[in-house]
Amino acid sequence: SSGINAEWPLRPGGVIRECGGKMHLRDAQYQKAHTDFFEAFKNHDESGSPRRTACLKYLVLASMLMKSNINPFDSQEAKPYKNDKEIIAMTNLVNAYQSSDIEHLQAIIKQHHDRVMGETL
């Protein structure tokens, strides 16, 4: 066995864009990070990779850091994940952020800490 997971085709573009997004996020280039995470999400989604949910979480983070008024879950690619059990906390986080409800935002982070904060950069 070559050690490659045959359940989903290898899509290096998703991995490369995800790494690029992390690099841009670290450099406070939030628009570029947002673009890379969105492209990584689409690549991972098309290939069926479980990394798609992590990229969607990063996309939400980049969206909030760039102070976007556009809900990332309004895109046709992300909309199907809006109510996914791994993503629902992020959906609620975006809604609280966009309505400037700090108390609700903090409550979501506290209640869903592992889902919101569990991914490392």
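This is a predicted model: local features need pLDDT of at least 70, side-chain atom pairs count only at pLDDT 80 or more; totals for chains, interfaces and linings use all residues.
The axes of H2 and H3 lie 8 Å apart, and the two helices pack at an angle of about 160°. Because angles over 145 degrees count as roughly antiparallel, H2 is described as roughly antiparallel to H3. On the H2 side the residues that meet H3 include Phe-37, Phe-38 and Phe-41, together with His-34, His-44 and Asp-45, while on the H3 side they include Arg-51, Arg-52, Cys-55, Leu-56, Tyr-58 and Leu-59. Sorted by class, this contact has 12 nonpolar, 3 polar and 3 charged residues.

Helix H1, residues 12-26, and helix H2, residues 30-47, pack with their axes 7 Å apart and at an angle of about 160°, which makes H1 roughly antiparallel to H2. Their crossing is left-handed. From H1 the contact draws on residues including Gly-13, Gly-14, Gly-20 and Gly-21, and also Arg-17, Glu-18 and Lys-22, whereas from H2 it draws on, among them, Tyr-30, Lys-32, Asp-36, Glu-39 and Asn-43. The class count for H1 with H2 is 6 nonpolar, 8 polar and 6 charged residues.

By class, the contact of H4 with H5 has 7 nonpolar, 2 polar and no charged residues.

How much space lies in the largest pocket? About 250 Å³ of space lies there, and 14 residues line this pocket, of which Leu-61, Met-64, Met-90, Val-116 and Met-117 are the closest to its centre. Which elements give two or more residues to that lining? They are helix H3, residues 51-65, then H4, H5 and helix H6, residues 113-117. H3 supplies the largest share of the lining, with 5 residues. In terms of class, the lining of the largest pocket has 12 nonpolar, no polar and 2 charged residues.

To close, I would set two parts of the model beside each other: H3 is in contact with H2 through residues such as Leu-56 and Leu-59, and H3 also gives 5 residues to the lining of the largest pocket."

Terms used:
Residues are numbered from 1 along each chain as its sequence is written. Side-chain values use heavy atoms; hydrogens and water are left out. Ala, Val, Leu, Ile, Met, Phe, Trp, Tyr, Cys and Pro count as nonpolar, Asp, Glu, Lys and Arg as charged, and the others, Gly among them, as polar. On a 1 Å grid over the protein atoms alone, a cavity is a set of points where a 1.4 Å probe fits but cannot get out, and a pocket is an open set with protein on both sides within 12 Å along at least five of seven lines; lining residues have an atom within 4 Å of a point. Grid points are joined across faces, edges and corners, and a volume is the space filled by probe spheres set on the points. Helices (H or I, at least four residues) and strands (E, at least two) are DSSP runs, numbered from the N terminus. Axes are lines fitted to C-alpha atoms, for helices over the stretch in contact, and angles run from 0 to 180 degrees between N-to-C directions. Angles under 35 degrees count as roughly parallel, over 145 as roughly antiparallel, 65 to 115 as roughly perpendicular and the rest as oblique. A crossing is left-handed if the near helix is turned anticlockwise from the far one by less than a right angle, and right-handed if clockwise. Contact means heavy atoms within 4.5 Å.
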